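I opened this notebook to keep track of what I looked up, entry by entry, with the structure beside me.

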Amino acid sequence: RVCHDRSAVVCIALRCYLPEGNGATGRPMNASITVLGIESSCDDTAAAVLRVSTGNSEILSNVVEGQARLHAPFGGVVPEIAARAHAEKLDICVAQALDEAGLGLDQIDAVAVTAGPGLIGGVVSGVMCAKGIALARGLPLYGVNHLAGHALTPRLTDGVAFPYLMLLVSGGHCQFLVVSGPDAFQRLGGTIDDAPGEAFDKVARLIALPQPGGPSIEALAKQGDAKRFKLPRPLLDREGCDMSFSGLKTAVLRQRDQLLVDGTLSAKDQADLAAGFQAAVVDVLAEKTRRALALYAPLTETRSICVAGGVAANMAIRTGLETVASDFEAKFIAPPLALCTDNAAMIAYAALEQMGTREPDGMDLSARPRWPLDQRAPAMLGSGKKGAKA
């Protein structure tokens, strides 16, 4: 009963901090609210403490425990291993985040957790951890869509005004979103099969490069001839903003098989394939971004194209997107890499944004392997190793 009463008091206090009609921005005004965030949707266990005071956001701590070493022998993320690692590390990450922030649980106002989409074992681990903390301390609980965390990150880092165009490009997801509010997302298009990050990992394995594939291919591509092989640019001959990368991966496989000598590739062939594949991905993303910007541009005079996700760290891709943004006189925004990849600070911030538009979740909060941001758009097809498409 004490926990229930305290939760009710905290909820009332949070709502008092949010002025009437604040749903347009979702940003707490004239408030000091501290949120503990938890993220465990794939292969990073993360916890963070975020504080918003008089509209200014401050990341007090942002702890991320990766699992690359555990999955390296298997050439990709193994869901069962990921789930067990999350269960072992979540309490440690939460304790470390609180310690780095210099706070105790009695100084936390709310708990936010990724409730999907993602690898279900990892999501369940995070949700149960968050429920335990919220119940024990009598705190409001907010289940957050992982993709909303990425989509709202430019608000945290750069204070971008709504509406803006977001390209979410990562290992498990790739989609264009018009972000009009804390929980208002319109999907303009997305990948119908492999996400770019997944394609980078698979192609890296095909040409015998170490994981993760993105950094390996980017580094080797600098030494290669991107024009040597005529690799496809899938779906550029079709209207719209949907993308496909599975066929491109298959084209690399076939080209590799023609080049193998005694089961190995020469260093030059390896570099040229890396360069050709990366160039194809850049061309597809750039052209589809151009189309998405054409749809988004009429919505606002102040245009912003934002990018988030681990693939956003690729400088060739970033350069291509910056060129397209310049053509549309749109501001290009890419948050720091630590906030582009999976992290808990973005989850805490998304909850803060949404406090003005919805009630906290109850102890019946469910983990969801699929959770599309745009409920009106048709479901994306396919599911990759790093998470279900949404």
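Is Leu235 buried or exposed? I found that Leu235 is buried, with a relative accessible area of 14%, which falls under the 20% cut-off. I note before going further that this is a predicted model.

**Entry 1: backbone exceptions**

I stayed with Leu235 and read its phi, which is near 70 degrees, a positive value in a residue other than glycine. I placed Leu235 in the loop between α7 and α8.

I then looked up Ala208, whose phi is near 65 degrees, again a positive value in a residue other than glycine. Ala208 lies in the loop between α6 and α7, and at 64% relative accessibility it counts as exposed because the cut-off for that class is over 50%.

I went on to the peptide bonds and noted a cis bond joining Gln211 and Pro212, with omega at about -5 degrees. Pro212 sits in the loop between α6 (196-206) and α7 (213-221), and this is also the loop that holds Ala208. A cis peptide bond also joins Phe162 and Pro163, where omega is about -10 degrees, and I located Pro163 in the loop between α5 and β6. I flagged these places because most residues other than glycine have a negative phi, and most peptide bonds are trans.

**Entry 2: the cover over α7**

How many of the nine residues of α7 are buried? I read seven, so I describe this helix as mostly covered. The buried residues of α7 are Gly213, Gly214, Ser216, Ile217, Glu218, Leu220 and Ala221. When I asked what covers them, I found that α6, α9 and α10 are included in the cover.

**Entry 3: α8 against α9**

I turned next to a helix pair, for which the description rests on the angle between the axes and the distance between the axes. The axes of α8 (residues 246-259) and α9 (residues 267-296) come within 11 Å and cross at roughly 165 degrees. I therefore call α8 roughly antiparallel to α9, since the angle is over 145 degrees. α8 passes α9 in a right-handed crossing.

Which residues make the contact? From α8 I listed Leu248, Val252, Gln255, Arg256 and Leu259, and from α9 I listed Asp269, Leu273, Phe277, Ala280 and Val281. Sorted by class, the residues of this contact divide into seven nonpolar, one polar and two charged.

**Entry 4: the sheet with β6**

I traced an open sheet of five strands in the order β8-β7-β6-β9-β10, and its pairing is mixed. At its edges I found β8 (184-190) and β10 (331-333), each of which pairs on one side only. Neighbouring strands of this sheet are turned by 25 degrees against each other on average, direction ignored.

Within the sheet I followed β6 (residues 164-169) and β7 (residues 174-181), which pair in the antiparallel sense over six bridges; the bridge partner of Leu167 in β7 is Phe176. Helix α5 (residues 146-158) packs on this sheet and touches β6, β7, β8, β9 (304-308) and β10, and its direction makes about 125 degrees with that of β6.

**Entry 5**

How many bridges join β4 to β5? I read five between β4 (residues 110-116) and β5, and these strands run parallel; Val113 stands opposite Gly143 in β5.

Technical notes
Residues numbered from 1 in each chain as written. Predicted model: local features only at pLDDT ≥ 70, side-chain atom pairs only at ≥ 80, totals over all residues. Heavy atoms only, no water. Pairing = 2+ DSSP bridges. Helix = DSSP H or I, 4+ residues; strand = E, 2+ residues; numbered from the N terminus. Axes fitted to C-alpha atoms, helices over the stretch in contact; angles between N-to-C directions. Contact = heavy atoms within 4.5 Å. Parallel < 35°, antiparallel > 145°, perpendicular 65-115°, else oblique. Left-handed = near helix turned anticlockwise from the far one by under 90°. Nonpolar A, V, L, I, M, F, W, Y, C, P; charged D, E, K, R; others polar. Buried < 20%, exposed > 50% of the residue type's maximum accessible area, 1.4 Å probe, protein only.
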